[in-house]
Amino acid sequence: MRRSMAARGARIRTEKPVGKDEFVKIRKRDLERLTTETMQLKDFLPKILNGEFLESFHQLETAEATLEKREKENEQLRLDCDHFKARLQTAQADCQKEREEKLSSRMQLNETRQQLLQQAEYCTEMGAAVCTLLWGVSSNEESVQLILGGSKAESFFRIVGQTIESFVKSLDGSIKEQQNLDSDENQFVLALAGIVTNVAAVACGREFLVNSSQILLETLMQLLAEMKSGLCTKLKVLMLMCLYNVSINQKGLQYISESPGFIPLLSWLLEDPDAEVCLHVLRLIQSLILEPQVFARVATQIRESLPEQRILELTNNRNPDLRSIASELLEDMKMLNI
């Protein structure tokens with residue numbers, strides 16, 4: 001219809017140029033046709049340009065705007081993606097570098113750990129050898145005097161206490177002492193305990209321990225309470241021998257007897273299945289009850305916690321020394337009405 005209007009409009013003739021406020025002459029027939037076509041357009045356009053069409057057109061414009069917005073967002077996302085890819089590649093490179101450094105550090109750590117283990121084994125072996133020699137030397141009173149006369153005596157006995165404590169706390173309760181008798185670590189600790197015992201066997205040594213190494217004595221009593229029955233019997237015996245030697249000194253006996261829980265500790269140690277342990281426990285009890293001043297202070301505790309029936313059982317033990325001292329102790333207890 002638009003083509004026919006254009007074609008017909010092309011046939012409109014003007015007799016002269018059109019100026020302002022001038023009229024144009026056309027054929028009446030062409031005017032009628034133009035009028036008819038105009039009327040037809042007025043009737044036809046509303047049918048095409050209805051609400052649904054306009055709504056669709058509006059939706060199209062909205063969709064085009066949304067599409068343009070999405071394209072911009074997609075472009076931004078692509079830029080962000082490229083940026084994150086670059087960061088990821090950088091992070092992966094850093095991660096790979098860290099892995100290599102970590103692997104290198106782990107290898108160095110393993111090498112260092114192995115070196116430390118070798119050094120620890122060497123130090124333990126050396127310590128066991130030296131302390132075993134010193135243990136033998138310390139059986140001589142003059143040697144003890146020389147040891148105590150040195151400037152490092154207090155430091156030595158402090159380290160002894162720390163070493164024995166560390167060893168006892170590291171023990172597995174399921175491991176019996178006899179399974180580890182020949183180890184350098186076990187021999188090292190036994191030698192340290194033996195040195196202290198030999199020092200305590202000398203008068204000047206007892207005086208030194210009571211006055212300058214009370215922490216060591218407290219450590220020994222504490223560890224005796226922590227060590228399980230039937231385990232580490234050799235170490236227990238040495239520690240008990242040390243305490244017995246200290247108890248020969250009146251000040252030493254008073255000091256250890258005043259330690260909280262000392263009397264119950266002796267009663268508990270009497271239940272140990274090892275005869276040597278029980279023997280030295282009985283000697284310590286005998287030291288307590290034969291010193292009048294100390295006995296007067298601990299008599300009530302002894303009466304309440306000392307297992308007389310257990311002592312009676314020990315009088316029938318196969319160990320002659322244990323039988324003898326158990327019998328002596330029972331006699332002493334009768335004389336003191338315990």
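A nonpolar core, as I use the term, is a set of buried Ala, Val, Leu, Ile, Met, Phe, Trp, Tyr and Cys residues joined through side-chain atoms within 4.5 Å, where buried means under 20% relative accessible area with a 1.4 Å probe and protein chains only. What we have here is a predicted model, in which local features need pLDDT of at least 70 and side-chain atom pairs count only at pLDDT 80 or more, while totals for chains, interfaces and linings use all residues. Residues are numbered from 1 along each chain as its sequence is written, and side-chain values use heavy atoms, with hydrogens and water left out.

The largest nonpolar core has 73 residues, and those touching the most other members are Leu209, Leu235, Phe262, Leu270, Leu282, Ile285 and Ile311. Taking Leu282, and setting aside its neighbours within four places in sequence, its contacts (heavy atoms within 4.5 Å) include Leu270, Ile311, Leu314 and Leu322.

Let me turn to a helix pair, helices being DSSP runs of H or I with at least four residues, numbered from the N terminus. The axes, which are lines fitted to C-alpha atoms over the stretch in contact, with angles from 0 to 180 degrees between N-to-C directions, come within 9 Å for α9 (residues 233-247) and α12 (residues 275-290), and cross at roughly 15 degrees. Therefore α9 is roughly parallel to α12, a label for angles under 35 degrees.

Finally, cysteine 232 sits in the loop between α8 (214-226) and α9, and has a positive phi, near 50 degrees, in a residue other than glycine. Cysteine 232 counts as buried because its relative accessibility is 6%.

Methods. Helix = DSSP H or I, 4+ residues; strand = E, 2+ residues; numbered from the N terminus. Parallel < 35°, antiparallel > 145°, perpendicular 65-115°, else oblique. Buried < 20%, exposed > 50% of the residue type's maximum accessible area, 1.4 Å probe, protein only.
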